[in-house]
Amino acid sequence: MTDDTGPADDGLADARSRAREVRALYEQLEGRLLGRTWALPELALGFPHDAAYVGRLVLAAERPWDIDGDTDAELRHKLAECLWWLFVLADRLDVDLPEAYGATMERIGGGLRRAVAEGAG
């Protein structure tokens, strides 16, 4: 996977670099504690665990679910952590996430722009 991205992807490319740095630190700890790094299926299970907790935090922010602590701080943390998981998984699956994101948003945006324009007439 390359780091070649356009100007619009610079923020995602920077986030990917930071995610890689943090993952490398986790890998050092995993090697020391487990004698190996997490396999792809283990990584894949980490993401939905945190994503599900985001759902609970959204409920807490809207008040039907109560949690201990600062809901807003926890929500910021878990959303950022979910983004980190996406970069980690994309790296392991050899997906250039900044490029994929840009292409996907362009495709979706183009379709929506056409649909809005058709409805405007």
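**Helix packing and loop residues in a predicted model**

Leaving aside neighbours within four places in sequence, Trp 65 is in contact with Arg 56, Leu 59 and Ala 60. Contact here means heavy atoms within 4.5 Å. Trp 65 lies in the loop between α2 and α3. With a relative accessible area of 40%, Trp 65 is partly exposed.

The model is predicted, with local features needing pLDDT of at least 70 and side-chain atom pairs counting only at pLDDT 80 or more, while totals for chains, interfaces and linings use all residues. Residues are numbered from 1 along each chain as its sequence is written, and side-chain values use heavy atoms, with hydrogens and water left out.

Helices are DSSP runs (H or I, at least four residues), as strands are (E, at least two), and the numbering starts at the N terminus. Helix α1 covers residues 10-34. The 25 residues of α1 should span 36 Å at 1.5 Å a residue, and the end C-alpha atoms of α1 are 35 Å apart, which agrees. The expected span is 1.5 Å times one less than the number of residues in the helix. In α1, Ala 13, Arg 16, Ala 19, Arg 23 and Glu 30 are buried. The cover over the buried residues of α1 includes α2, α3 and α4. Gly 35 follows α1, and the phi of Gly 35 is positive, near 80 degrees.

Helix α2 runs over residues 40-62. Leu 43, Gly 46, Asp 50, Val 54, Leu 57 and Ala 60 are buried in α2. Both α1 and α3 are included in what covers the buried residues of α2.

After α2 comes Arg 63. Arg 63 is found in the loop between α2 and α3. Although Arg 63 is not a glycine, its phi is positive, about 90 degrees. The relative accessibility of Arg 63 is 67%, so Arg 63 counts as exposed.

Helix α3 covers residues 71-92. Its 22 residues should span 32 Å at 1.5 Å a residue, and the end C-alpha atoms of α3 are 31 Å apart, which agrees. Buried residues in α3 include Thr 71, Leu 75, Lys 78, Glu 81, Cys 82 and Trp 84. Trp 85, Phe 87, Val 88, Leu 89 and Ala 90 of α3 are also buried. Among the elements that cover the buried residues of α3 are α1, α2 and α4.

Asp 94 is not a glycine, yet its phi is positive, near 55 degrees. Asp 94 is found in the loop between α3 and α4. Asp 94 has 55% relative accessibility and therefore counts as exposed.

Two packed helices are described by the angle between their axes and the distance between the axes. Axes are lines fitted to C-alpha atoms, for helices over the stretch in contact, and angles run from 0 to 180 degrees between N-to-C directions. α2 and α3 pack at an angle of about 155 degrees, and their axes are 9 Å apart. The two helices α2 and α3 are therefore roughly antiparallel. Angles over 145 degrees count as roughly antiparallel, under 35 as roughly parallel, 65 to 115 as roughly perpendicular and the rest as oblique. The crossing of α2 and α3 is left-handed. A left-handed crossing has the near helix turned anticlockwise from the far one by less than a right angle; clockwise makes it right-handed. The contact of α2 with α3 has 18 nonpolar, two polar and five charged residues. Ala, Val, Leu, Ile, Met, Phe, Trp, Tyr, Cys and Pro count as nonpolar, Asp, Glu, Lys and Arg as charged, and the others, Gly among them, as polar.

Helix α4 (residues 97-120) packs with α1 at an angle of about 150 degrees, with axes 9 Å apart. α1 and α4 are therefore roughly antiparallel to each other. Their crossing is right-handed. From α1, Leu 12, Ala 13 and Arg 16 make the contact; from α4, Leu 97, Pro 98 and Tyr 101 do. By class, five residues of this contact are nonpolar, none is polar and one is charged.

Ile 108 is placed in helix α4. The relative accessible area of Ile 108 is 39%, so Ile 108 is partly exposed. Ile 108 and Asp 14 are 94 residues apart in sequence and 24 Å apart in space, C-alpha to C-alpha.

How values were computed. Buried < 20%, exposed > 50% of the residue type's maximum accessible area, 1.4 Å probe, protein only.
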